[in-house]
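Here's a quick tour of a protein fold, from the whole thing down to single residues.

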Amino acid sequence: MIQKRGTGVKGYTRDEIRRRLLRYHNIDGSEKLTGIEGVRKIMGRLGSIQYDPLNVVGRNADLVLQARVNDYNYENLYILLYKEHSLTDGFDKEMCIYNTEDFGRFSKVREAHAKAVINTLTYRGQLDALKILDEVKAFVAEHGQTGTKDISIGETRESSWGHRKLSSAALDYLYNKGELCVTDKKGTQKYFDLTERVIPSACMGTGDISQDEFLDWYIERRIRSVGFLWDKNGGAWQGHFLSDRDVRKMVLERLVKQKRVYPFQLEGVSEICYACKEFLDLQTDEEQKDCARFIAPLDNIMWDRTLLEQLFDFSYRWEVYTPAAKRKYGYYVIPVLYNSRFVARFEPEPVGKTGCFRIKSWWWEPDVCPDERMHRVIREEMLRFSRYLQAECAEENMDIIR
């Protein structure tokens with residue numbers, strides 16, 4: 001740790017913050033988090049992980065959790081979401097999965113997002129969906145769990161964008177407003193039920209807090225989801241209420257006074273960073289046990305790509321929506337973390353029906369000179385990743401990193 005003269009703000013080297021970040025997220029494997037109980041613990045710490053339906057070697061949420069929890073499998077998350085309902089689908093940074101105990105506090109986010117959905121319906125000429133909300137809600141009340149294929153009310157339109165049926169648009173609006181909850185997913189198909197049937201009454205309150213109290217909670221919570229952030233616009237501050245830097249500055253000053261977050265200076269970065277006390281208090285060993293992890297493209301530590309580059313000297317862009325001819329690497333590319341640095345990235349083949357985890361392409365970072373020790377640890381991670389996928393690890397994977 002270094003002390004910044006005259007500022008009253010402590011300074012930390014990049015290596016110190018990298019080690020704390022990986023310890024905070026348990027990416028270094030320091031905590032023996034296992035299975036469903038491990039998921040509970042890490043979600044209690046992070047609060048939110050980003051959901052994305054693309055499934056090449058698991059959805060983003062699965063990839064986030066497998067990097068932190070040993071013996072993780074898809075069923076763990078499914079049980080917590082749709083059997084126990086201790087986690088819920090909802091809009092946070094983007095579409096996310098968060099702790100159900102936070103549902104009531106998210107009421108202001110749902111209100112803001114419902115207004116955004118109305119703007120979308122206006123653009124798509126589907127405002128009539130708002131006229132059938134009571135009818136759609138009554139259908140769900142009578143029939144219980146309902147998917148878009150189970151109900152057909154209102155006109156149908158031919159379009160490749162948005163919902164074709166008014167009833168589907170109405171279901172989506174009611175979900176975003178919080179009157180319906182997702183109770184199951186089959187592939188990308190959502191199934192809804194009335195919120196009061198899904199969310200425990202104890203989690204429904206606290207939505208009537210003041211705007212200042214809400215912002216204090218929401219900004220502190222977003223910092224905790226990553227571990228630390230700087231006060232600079234970027235991917236980690238996406239979502240309603242958080243993109244206004246003047247508002248953030250005011251709230252951060254308030255949180256610092258309340259000792260809910262702590263400012264610090266990161267080596268080589270002019271912006272002040274902010275962290276929760278638990279993050280800065282973490283003790284890390286100078287000599288850590290070798291560890292490799294495959295990191296989700298939308299992992300919490302990847303949310304702010306500019307901050308990521310400052311901290312790790314690693315530039316990453318998710319190229320799934322980039323035309324193939326313009327991609328630098330590949331369609332769905334996964335970063336490879338070895339100890340406290342990113343050393344490579346790879347594009348996997350979809351596991352699909354083959355039941356085999358196969359690497360299509362592998363790229364070492366330009367300044368990395370892999371030795372036998374690094375090869376061994378990464379091969380061990382390939383086997384660990386294959387177990388998470390419940391797939392065989394292709395023999396050629398071991399050779400492709402050479």
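The protein has an accessible surface of about 18700 Å², and 48% of that belongs to carbon and sulfur atoms. Accessible areas here come from the Shrake-Rupley method with a 1.4 Å probe, and for residues only the protein chains shown count as cover. Keep in mind that this is a predicted model: local features need pLDDT of at least 70, side-chain atom pairs count only at pLDDT 80 or more, and totals for chains, interfaces and linings use all residues. Residues are numbered from 1 along each chain as its sequence is written, and side-chain values use heavy atoms, with hydrogens and water left out.

**The whole protein**

- You'll find 14 helices and 17 strands in the protein; these are DSSP runs numbered from the N terminus, with helices being H or I of at least four residues and strands being E of at least two.
- Along its principal axes, the C-alpha trace spans about 65 × 55 × 40 Å.
- Of the 402 residues, 55% count as buried. Buried means under 20% relative accessible area, exposed means over 50%, and partly exposed is in between (1.4 Å probe, protein chains only).
- Take the contacts (heavy atoms within 4.5 Å) with a separation of 6 or more: 61% of them are between residues 24 or more positions apart.

**Helix α10**

- Helix α10 covers residues 245-257, which makes 13 residues, and it reaches 18 Å from its first C-alpha to its last, close to the 18 Å expected at 1.5 Å a residue. The expected span is 1.5 Å times one less than the number of residues.
- Which residues of α10 are buried? They are R248, V251, L252, R254 and L255.
- Seen down the axis of α10, these buried residues fall within an arc of 160°, so they line one face of the helix. The arc is that of the directions from the helix axis to the C-beta atoms.
- Here's the background: an α-helix has 3.6 residues a turn, so residues three or four places apart point the same way.
- On the other side of α10, D246 and K257 are exposed.
- Among the elements covering the buried residues of α10 are α9 (211-226) and β11 (272-275).
- At the start of α10, a side-chain oxygen of D244 comes to within 3.0 Å of the backbone nitrogen of D246. That's a polar contact: a pair of N or O atoms within 3.5 Å, where, within protein, one must be able to donate a hydrogen and the other to accept it, and residues adjacent in sequence count only if both atoms are side-chain atoms.

- In α4 (residues 74-83), the buried residues are N76, L77, L80, L81 and Y82.
- They pack against α2 (35-46), α3 (60-66), β4 (87-91), β5 (95-99) and β7 (180-186).
- At the start of α4, a side-chain oxygen of N73 reaches to within 2.9 Å of the backbone nitrogen of E75.
- V182 sits in strand β7, and it counts as buried at 3% relative accessibility.
- V182 and Y82 are 100 residues apart along the chain, yet their C-alpha atoms are separated by 8.0 Å.
- Besides Y82, V182 touches D89, Y175, K190, Y191 and F192, not counting residues up to four places away in sequence.

- T146 lies in strand β6 (residues 146-147) and is buried, at 1% relative accessibility.
- The side chain of T146 reaches the backbone oxygen of G144 at 2.6 Å.
- N397 belongs to helix α14 (residues 397-400) and is buried too, with a relative accessible area of 0%.
- The side chain of N397 reaches the backbone nitrogen of I359 at 2.9 Å.

**Positive phi in loops**

- K259 has a positive phi of about 60° although it is not a glycine; K259 lies in the loop between α10 and β10 (262-266) and is exposed at 59% relative accessibility.
- Q390, also not a glycine, has a positive phi near 55°; Q390 lies in the loop between α13 (372-389) and β17 (392-393).
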